Amino acid sequence: MTTPDADPLDAPTAALAAAVLEVARHLEDEHLPAPRLFALARSAELTAASPALAALLGADGADADAPDDLHLTPIDLDEGPTGEPADSAPRQDPLAALQEVQWPDLAAGGALACDLAPSAWALRDGVGETELPAGRPLRVVVAALADGTTWSAVHRGDEEGYVLGAALLPDLSAALVQTLASDA
């Protein structure tokens with residue numbers, strides 16, 4: 001086994017990966033009839049902007065309890081693109097949901113979670129079809145920072161845990177990065 005030259009989980013990517021897993025765990029038992037969007041805010045900036053929140057979290061000025069500058073807090077954008085709660089919105093293509101998103105000013109990044117229908121994904125040549133659930137959707141969480149850093153989690157449905165990586169869903173990752181760049 002060889003060791004890669006560079007650790008793919010530098011500090012900013014590790015913070016993004018942690019946010020992806022937090023979103024995935026938050027939605028673990030929920031049915032997703034439509035994509036769910038999350039703004040990713042820098043926790044340090046969020047608590048600095050909201051002293052009441054900082055006090056609630058116990059990070060109200062004590063340096064020992066100050067949040068990590070890279071830590072990200074996912075904020076569920078609970079309204080769908082039509083202004084209705086996301087759970088009442090019709091099933092929608094995740095790329096279409098990204099075309100309509102408007103990230104809040106505090107967003108350092110964003111995340112999208114959805115159940116991808118089997119017709120929405122394809123395997124690369126050489127990847128075994130037996131590794132993916134036939135006829136069932138894949139639960140995916142894709143996140144990106146405004147600088148282009150991406151991370152994804154894919155749950156195959158029949159197993160515990162997620163497959164994690166930076167380039168698992170390149171089309172969704174690129175579209176997400178584009179929405180963040182256009183809001184900048």
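Q: Which residue forms a salt bridge with Arg36, the closest N and O atoms being 2.4 Å apart?
A: That residue is Asp76, where a salt bridge means a side-chain nitrogen of Lys or Arg within 4 Å of a carboxyl oxygen of Asp or Glu. The pair links distant parts of the chain, with Arg36 in strand β1 and Asp76 in strand β2 (residues 72–77), 40 residues apart. Helices (H or I, at least four residues) and strands (E, at least two) are DSSP runs, numbered from the N terminus.

Q: Before we go on, what kind of model is this?
A: This is a predicted model, in which local features need pLDDT of at least 70 and side-chain atom pairs count only at pLDDT 80 or more, while totals for chains, interfaces and linings use all residues. Residues are numbered from 1 along each chain as its sequence is written, and side-chain values use heavy atoms, with hydrogens and water left out.

Q: Back to Arg36, is it buried or exposed?
A: Arg36 counts as buried because its relative accessibility is 13%, and buried means under 20% relative accessible area, exposed over 50%, and partly exposed in between (1.4 Å probe, protein chains only). Asp76, at 24%, counts as partly exposed.

Q: What else does Arg36 form a salt bridge with?
A: Arg36 also forms a salt bridge with Glu30, and there the closest N and O atoms are 2.9 Å apart. Glu30 counts as partly exposed, at 32% relative accessibility.

Q: How many salt bridges are there in the whole structure?
A: A search of the whole structure finds three. Besides the two of Arg36 with Glu30 and with Asp76, the side chains of Asp115 and Arg139 meet in a salt bridge, at 2.4 Å from N to O. Asp115 lies in strand β3 (residues 107–116) and Arg139 in strand β4 (residues 138–145), 24 residues apart, so that this pair links distant parts of the chain. Both Asp115 and Arg139 are buried. Salt bridges that share partners join Glu30, Arg36 and Asp76 into one network.

Q: And Arg42, what is the nearest side chain of opposite charge?
A: For Arg42, which is buried yet has no salt bridge, that is Glu45, 5.1 Å away; here Lys and Arg count as positive and Asp and Glu as negative, while His and the chain ends are not counted. Arg42 is found in strand β1 (residues 36–42). Not counting residues up to four places away in sequence, Arg42 touches Asp69, Leu70, His71, Leu72, Ala108 and Leu145, with contact meaning heavy atoms within 4.5 Å.

Q: Changing topic, how many residues of strand β5 are buried?
A: Six of the six residues of strand β5 (residues 150–155) are buried, so the strand is largely enclosed by the rest of the structure. Thr150, Ser152 and Val154 point one way from β5, whereas Trp151, Ala153 and His155 point the other way.

Q: Which way do β4 and β5 run, parallel or antiparallel?
A: They run antiparallel, and six bridges join β4 to β5; two strands pair if DSSP finds at least two bridges between them. The bridge partner of Val142 in β5 is Ser152. The hairpin of β4 and β5 has four residues between the strands, and in this hairpin Gly148 takes a positive phi near 100 degrees.

Q: What about β5 and strand β6, how many bridges there?
A: β5 and strand β6 (residues 163–165) pair in the antiparallel sense over three bridges, and Val154 stands opposite Val163 in β6.
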